[in-house]
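Subject: Handing over a structure

Hi,

Here is the structure I promised to pass on to you. Please open it alongside this email, and my notes follow below.

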Protein chains: 2
Amino acid sequence: MKAMDLDGFVIDLDGTVFRGEQVVEGAQQAIASLRAAGKRLVFLSNRGNISREMCLAKLRRLGVEASLDEIILSSTVTARYLREHHPGCEAWTLGDWGLQDELAAGGITLAVRPELADWLVITLHETLTYHELNEAFRAVRHGARIIATNEDRSFPGEFGDHIDVAGMIGAIAASTGAQVELVVGKPSLLMAEAALAALQLPAERCLMIGDSLASDIGLGKRSGMKTALVLTGSTTTEAAGLWPARPDWIWSSIGELTTKAAVKGEGMT
Amino acid sequence: MKAMDLDGFVIDLDGTVFRGEQVVEGAQQAIASLRAAGKRLVFLSNRGNISREMCLAKLRRLGVEASLDEIILSSTVTARYLREHHPGCEAWTLGDWGLQDELAAGGITLAVRPELADWLVITLHETLTYHELNEAFRAVRHGARIIATNEDRSFPGEFGDHIDVAGMIGAIAASTGAQVELVVGKPSLLMAEAALAALQLPAERCLMIGDSLASDIGLGKRSGMKTALVLTGSTTTEAAGLWPARPDWIWSSIGELTTKAAVKGEGMT
């Protein structure tokens, strides 16, 4: 079987399509080829600190063709989850302003004071201050439940790894004694459901492409999609070899989707 | 037995001598009476984010007579611990600048970059930024061990409780997977040892006076001192009644030390 025989493509962003402000070589062409072949695709990212508009602007800046409907972030799915399961709830956020933007766009009311919030939504906050940490603490002390867009410990930055959402969660959990009730991001099935609903395809006709064994390959397997690991992000060839659940394909980059490794098993280590 | 029959007095600060910028009524007189009677005394505080100089300045501002040698903070004891048990070590800090000041005064070298630190010292940081959180994260990622001045979850602020050291510890522990190796503050015996060494008296000739059942009364009992709980801080009469290990005295405030409740058992609820 060739990867290109499938109908739907669920594509991770950080480490798969781009790294920081650099597009991965061959990514633009691979995505253009999918479109030319009439395939359906969505971009599925654990990023919770940006809005879809910000993400779309970035993809275009990097020369990757996309539309707003094709972008699904953990912030998008968090908004959807709260709207569906807790209609009318008010949210307080600990995270960059992109999260607030995405929640508001998703129909979630942002509380005017932390004490009034039903939910505290936590994501990465790269401009965090003590004051904001304290407001989030007060929200939980006054009864807000905790939901997190993801729980990554670190992300790669210019001078090495940076502290990620797990740090923000840890600060609030340790000081309040409260626990996170739900982590929305991959490998949570909420993300796969959102992707498959957008594609309108059964899971077995879809391919999950990503650089993380735990998040991307884990989610693809749990939800019944085919899986392709790319080595342009957080996973080395060595780590891939040690992982218990083998992806269907392992590619040096997403560029191989439409070139040499399109035959199942090829390009694997 | 009267409390004034004892020879050494170990006095907590926040909630016992002052609350924020307000001196507790009768505190100045009680301390003056101790001096007039020729008693030895030390102030023993879990504060790790200030230096002794800052603390002395505050006591004098509030009209409480004190000298630098009489002040022992958790930052002071942290510096002493590192100097004695890890001579030559280099420290990175996550906390207000008073901690750096106190470490430097205690002979601890402050690392010039987080990657070079042997120890990360964590205390309350009321002007915390993401950048500083990230530097502390990098220190631990590069092998620094973690020591904390205390692990209080919250402290009383002007508009309710504020997030305290436990939040700072939680952020680093959750994102690195590392654990705090030592918490220096009360009820750790390191604090009692420092106080008794300064007083040069056996524990049973000393009285620990404080507002916290867990920190102050707990430490006093563990170390063999007599104990007096004051109700001007974090403990209510009700909570005191439920505590398993009864203090020797319970006073409405430290003012009672030299007035009506100086007879053992009097003033108890």
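How far is the sulfur of Cys55(A) from the closest cysteine sulfur? The distance is 19 Å, to the sulfur of Cys206(A), and that is too far for a bond.

Before the rest, a word on conventions. This is a predicted model, in which local features need pLDDT of at least 70 and side-chain atom pairs count only at pLDDT 80 or more, while totals for chains, interfaces and linings use all residues. Residues are numbered from 1 along each chain as its sequence is written, chains are lettered from A and ligands numbered from 1 in the order in which they are written, and side-chain values use heavy atoms, with hydrogens and water left out.

Back to the cysteines. A search of the whole structure turns up zero disulfides over all chains, a disulfide being a pair of cysteine sulfur atoms within 2.5 Å. Cys55(B) is in no disulfide either, as the nearest cysteine sulfur, in Cys206(B), is 19 Å away. Cys55(A) is buried, with a relative accessible area of 3%, and Cys55(B) also counts as buried at 3%. (Buried means under 20% relative accessible area, exposed over 50%, and partly exposed in between, with a 1.4 Å probe and protein chains only.)

Now the two chains. The same surface serves both copies, as 100% of the contact residues of chain A recur in chain B, where contact means heavy atoms within 4.5 Å.

The largest nonpolar core has 48 residues, and Ile172(A) and Ile172(B) have the most contacts inside it. (Such a core is a set of buried Ala, Val, Leu, Ile, Met, Phe, Trp, Tyr and Cys residues joined through side-chain atoms within 4.5 Å.) Neighbours within four places in sequence aside, the contacts of Ile172(A) include Leu94(A), Leu120(A), Phe137(A) and Val140(A), as well as Ile163(B) from the other chain. A second, separate core has 32 residues, among them Phe18(B), Leu41(B), Phe43(B) and Ile71(B).

Last, the charged pairs. There are 26 salt bridges over all chains, each a side-chain nitrogen of Lys or Arg within 4 Å of a carboxyl oxygen of Asp or Glu. In one of them, Asp14(A) pairs with Arg47(A), with the closest N and O atoms 3.2 Å apart. Asp14(A) lies in the loop between strands S1 (8-11) and S2 (18-19) of chain A, and Arg47(A) in the loop between strand S4 (40-45) and helix H2 (52-61), so the bridge ties together parts that are 33 residues apart in sequence. (Helices, H or I of at least four residues, and strands, E of at least two, are DSSP runs numbered from the N terminus.) Asp14(A) is partly exposed at 26% relative accessibility, and Arg47(A) is partly exposed at 26%. In chain B, Arg47(B) and Asp14(B) form a salt bridge, again at 3.2 Å.

Glu65(B) and Arg35(B) also meet in a salt bridge, at 3.9 Å from N to O. Glu65(B) sits in the loop between H2 and strand S5 (71-73) of chain B, and Arg35(B) in helix H1 (residues 27-36), 30 residues apart. Glu65(B) is exposed at 52%, whereas Arg35(B) is partly exposed at 23%.

Enjoy looking around!

Best wishes
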